[in-house]
Every structure is written in C-alpha cells, then in structure tokens.
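Here is a friendly briefing on one helix, the surroundings of a ligand and a single loop residue. Please have a look at the structure first, and then we can walk through it together.

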Amino acid sequence: MTKKFHLAQYTMLPVTHHSTATWKHPRTMKGGWEFDRPEVWQHVAQVCENAKLDFFFSADTEGVYSDYQNSWRPAVRYAAQVPCFDTGTIMCWLAAATRHIGIVQTVSTAAIPPYLIARRMATFDHLSRGRAGINIVTAFHKNATRNLSLADSYHLQHDNRYDRADEFMEVCYRLWDSWDPDAVVQNVEGDMFADPSKVHAIDFHGEYFQVAGPLNIHRSPQGRPLIVQAGQSKRGTEFAAQHAEAVFSIQRDRQGMKGYYDGLKEEMVRVGRNPDHCKVFFGVQVFVGETTDIAREKAALHNAMVSPEAGLTMLSGHLAHDLAVEDLDAVAAHLKVQGLQGLIDAYRDSGTERDITLRDMARTHGISVSVPQVAGSAAEIADWMADTIDAVGGDGFLLSPAYVPGSIVEFCELVVPELQKRGRVRRGYGDGTLRDNLLAF
Ligand SMILES: Cc1cc2nc3c(=O)[nH]c(=O)nc-3n(C[C@H](O)[C@H](O)[C@H](O)COP(=O)(O)O)c2cc1C
C-alpha cells in the first residue's frame with residue numbers, strides 16, 4: 001500500500017534558516033519583499049497552507065553564536081542565524097493570516113518559567129483555533145546561557161538540561177490540565193462564569209520549579225499544544241520518546257535516518273507509548289527545476305555562494321566548540337564536543353561520509369546545517385522522497401529553504417502537486433486541530 005507522509009516548513013526567521021548563503025542569494029527577497037516585514041512571512045505561510053503542509057515551524061535561540069575564534073563577531077558578519085526574530089511574536093502574525101496550517105514556535109526551557117510558557121501556548125492555541133505547536137529546546141550554546149543569567153556550567157551539563165526540561169513539561173502538563181473541559185459554564189442566572197470545583201491548583205514542588213497554579217486560562221482547543229522536539233543524543237531521544245508528538249532529525253542518508261527512526265520508535269515502546277503517536281520529520285534542502293540540469297545549476301549557484309568562514313562560524317556555534325583551534329583536515333567523527341554532538345554522529349553513522357574532514361563538514365554545514373541536499377525535477381524529487389519513506393519507514397520531511405520566498409514557492413507549486421497526484425501527501429485539511437491532522441495518517 002502507498003504510504004502517505006507529512007510535510008513541514010522549516011525557518012529560522014528572518015535571514016539565515018539553514019543556509020548561510022540565503023541572505024545574499026540573488027533570488028532571495030525578489031519582487032519587493034523585505035525580510036524584516038511580516039507580510040513576506042505571512043505570504044510564505046499562506047503558500048504553505050495552499051499546498052496543505054502540516055505545519056510551519058520557526059526555530060529560535062537566545063544569543064549570538066560566539067564560539068568561532070572565541071567571538072560573536074564572525075556570527076554577526078556572516079549572518080550565522082543572526083538576526084533571529086523572537087519566534088513567539090512572529091508566529092502570531094502568521095497565525096492571523098492563515099486558517100488551517102499548524103504553527104510551531106520554539107521555546108527554551110532555560111529562558112522562561114513554565115507558567116508563562118503554559119499561558120503563552122494556551123493563548124496561542126485558543127487564538128489559532130487549535131493550531132499551536134511548541135518545539136522544546138534547552139539552550140545549548142554558551143552565549144545563550146550567558147544571556148539568560150545562567151551559570152556557564154548550565155550549557156555544559158547536557159543531561160541535566162533534559163532533567164530540567166522533563167520537570168518543565170510536567171509543570172506545563174499540569175497547568176494545561178488544571179481546567180476541566182467543562183469548567184466554563186457562563187451561567188448568568190447563577191452568576192457563575194466558571195465552576196471553581198472544575199479548576200484545580202497544581203501545588204507543584206520540584207527540583208527546579210515551584211508552581212501553585214491553576215493556570216489563569218481555560219482549557220484550549222487541543223488541551224495542550226502539539227509537542228515537538230529535536231533531540232539527537234541518547235538523552236535527547238529519551239526525552240523525545242517520553243514527550244514528543246513530532247520530532248525533527250538531521251541525518252545524512254537513509255542509513256542514518258533508519259537508525260534514528262528505529263531507535264526512537266523502540267524507545268517509545270520501552271516507555272509505554274504508541275510509536276505511531278510521534279511523527280519523525282527528516283530535514284531536506286530541495287532544489288527543484290523544470291529539468292534536472294536546471295535544478296543542479298540552482299544548487300551549484302547556491303553552494304558556490306557559501307563562504308568557508310561562514311560554515312566554520314555556524315558549525316562552531318552548533319558544536320559549541322571553536323574550530324579555529326582544530327586541524328581542519330582531521331576526520332570530523334573523532335571530535336567530542338559539548339554542543340550538538342549528534343551533528344557529528346550523523347556523519348559517523350552515515351553509509352558514505354564516515355571519513356569527512358572538519359573542513360568539508362563545515363562547508364556542508366554552511367550550505368544547509370548538514371541537512372541533505374536533493375536537486376532534480378519535480379518527478380525526481382517526488383521519487384526521492386517516496387523511496388526514502390519506503391526504505392526508512394519515516395513519517396515526513398522538514399523542508400529547509402535555500403532562498404526565500406522562491407525555494408518555498410517552487411517546492412509548493414512544483415513538487416507538492418506531484419506528490420498529491422501520487423497519493424503521497426494530503427490534498428486537504430480535516431476539520432480538526434493540528435494534532436488531529438497529524439495523527440490522521
Ligand atoms: C531541525 C532542528 C531544529 C532545531 N531547532 C532548534 C531551535 O530552534 N533552538 C535550539 O536551541 N535548538 C534547536 N535544535 C537543537 C535541538 O534542540 C537539540 O539540542 C539538538 O538536536 C541536539 O540534540 P541533543 O540535545 O539530544 O544533544 C534543533 C535541531 C534540529 C535537528
């Protein structure tokens with residue numbers, strides 16, 4: 001039977017996303033668009049909605065990568081995910097301009113107390129009519145830690161960050177559940193808006209958080225936002241298996257994807273969850289053209305615009321490790337870092353790139369944050385996606401844009417109809433929430 005899969009749009013607003021060439025690409029922001037105006041992102045979200053993508057996602061971080069050359073200056077110079085809009089703010093603009101597509105924002109468990117996040121997401125879920133999703137992250141880099149008044153040791157204690165995140169989620173769940181579904185009665189004769197017996201304090205006393213409750217917002221359409229996560233390490237995968245309903249993963253090839261997918265689903269079974277209740281999205285950067293040659297030329301033009309320094313800056317930031325002091329011709333797989341070790345492991349676990357050098361890894365990282373790149377005609381891209389899902393068993397793809405809005409529009413206009421024709425992706429939304437749509441297949 002033909003397996004259907006899901007599509008989601010990745011962004012890190014407003015200029016870099018995954019590619020360090022996006023801001024200077026000749027096709028970026030053509031036609032009068034400006035990257036810091038909301039209209040362009042509303043337009044992009046509407047394009048994604050017209051193509052019936054499951055959700056629009058925006059990543060976020062609380063600082064400027066400051067690892068390469070032990071300075072934040074290279075990150076500013078090369079736009080290494082700087083500037084970075086506050087995701088909670090921009091996503092409200094996008095929700096207001098759309099009706100059906102899910103809207104997933106990023107929340108760091110180190111930045112804001114869980115009570116405030118539970119409020120923000122309950123508000124967002126009400127106002128978006130059940131389309132809210134939350135990507136849970138733990139602030140992995142040094143500059144974010146320093147901006148959040150945390151001790152430097154915070155970002156070094158990888159597994160403890162997840163212990164804190166577990167507790168953060170527990171508080172949020174209890175707050176989201178603190179109003180029974182039928183608590184709001186609006187009984188004018190009895191002078192009762194909500195029935196106090198159906199609203200509950202939580203009186204939470206944990207290691208990291210003390211929260212009385214109840215939430216000061218009634219239960220939202222989804223009860224709780226869709227929980228999204230992107231842990232790649234053992235501890236990160238345990239966290240995902242416990243909490244996530246969608247996960248993002250960057251893997252270099254099908255072998256890596258299969259290893260990640262099977263590992264996560266096994267872990268879900270181990271913790272007693274139905275493995276179908278968390279959808280795995282693999283990152284992919286697509287270049288589509290009317291012919292294979294046109295698509296390849298597009299990819300080549302883009303890749304040639306990535307400077308080695310930009311790649312080193314972004315990779316150092318993600319690894320929380322200064323590559324300026326490393327031998328760039330050494331094999332990357334040997335490096336042990338405090339940051340996103342999973343990025344290195346993805347090469348180690350791939351079938352073809354085990355011996356990649358740090359120099360080449362940095363170049364690939366500047367191109368797409370190591371998300372695999374696929375170039376071809378719409379039919380070829382559809383073939384690659386369908387074959388990947390059939391080989392891996394995965395649930396969908398997270399689309400990484402190279403130039404905006406162009407590459408997003410091209411994917412939606414050329415590849416999505418091809419996938420729809422083959423019965424591989426949705427043709428329409430159901431009446432329900434983001435979660436209902438995601439669990440429909
Ligand atoms: C597609 C994708 C998106 C991510 N988005 C963010 C983000 O917005 N903010 C952030 O701090 N980390 C982000 N991360 C990092 C993850 O939250 C996680 O820390 C990382 O994948 C390493 O996994 P680990 O924490 O298990 O070591 C993202 C990772 C991936 C693969």
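Helix α11 is mostly covered, with ten of its twelve residues buried; a residue counts as buried if 20 or more other C-beta atoms lie within 10 Å of its own, as exposed if 12 or fewer do, and as partly exposed in between, with C-beta atoms placed from the backbone. Please keep in mind that this is a predicted model, where local features need pLDDT of at least 70, side-chain atom pairs count only at pLDDT 80 or more, and totals for chains, interfaces and linings use all residues. Residues are numbered from 1 along each chain as its sequence is written.

**Helix α11 itself**
- α11 covers residues 308-319 and reaches 16 Å from its first C-alpha to its last, close to the 16 Å expected (1.5 Å times one less than its number of residues).
- Helices are DSSP runs of H or I with at least four residues, strands are runs of E with at least two, and both are numbered from the N terminus.
- Among the buried residues of α11 are Leu 312, Met 314, Leu 315 and His 318.
- Just after the helix, Ala 320 takes a positive phi of about 55°.

**What α11 packs against**
- The buried residues of α11 pack against α2 (73-78), α12 (341-348) and α13 (358-368).
- α11 and α13 pack at an angle of about 90°, with their axes 7 Å apart; the axes are lines fitted to C-alpha atoms, for helices over the stretch in contact, and angles run from 0 to 180 degrees between N-to-C directions.
- That makes α11 roughly perpendicular to α13 (65 to 115 degrees; under 35 is roughly parallel, over 145 roughly antiparallel and the rest oblique).
- Pro 308, Ala 310, Gly 311, Leu 312, Met 314 and Leu 315 in α11 meet Met 361, Ala 362, Arg 363, His 365 and Gly 366 in α13, contact being C-beta atoms, placed from the backbone, within 7 Å.

**Around the ligand**
- Of the 20 residues around the ligand, Ala 59, Ala 230, Gly 231, Ser 233 and Gly 236 come nearest (near: a C-beta atom, placed from the backbone, within 6 Å).
- β4 (132-137), β10 (246-249) and α12 each give two or more residues to this shell.

**Thr 28**
- Thr 28 is found in the loop between β1 (6-11) and α1 (38-50).
- Thr 28 is buried, with 20 other C-beta atoms within 10 Å.
- Leaving aside neighbours within four places in sequence, Thr 28 is in contact with Thr 22, Trp 23, Tyr 403 and Val 404.

Note on methods
Two residues are in contact if their C-beta atoms, placed from the backbone, lie within 7 Å.
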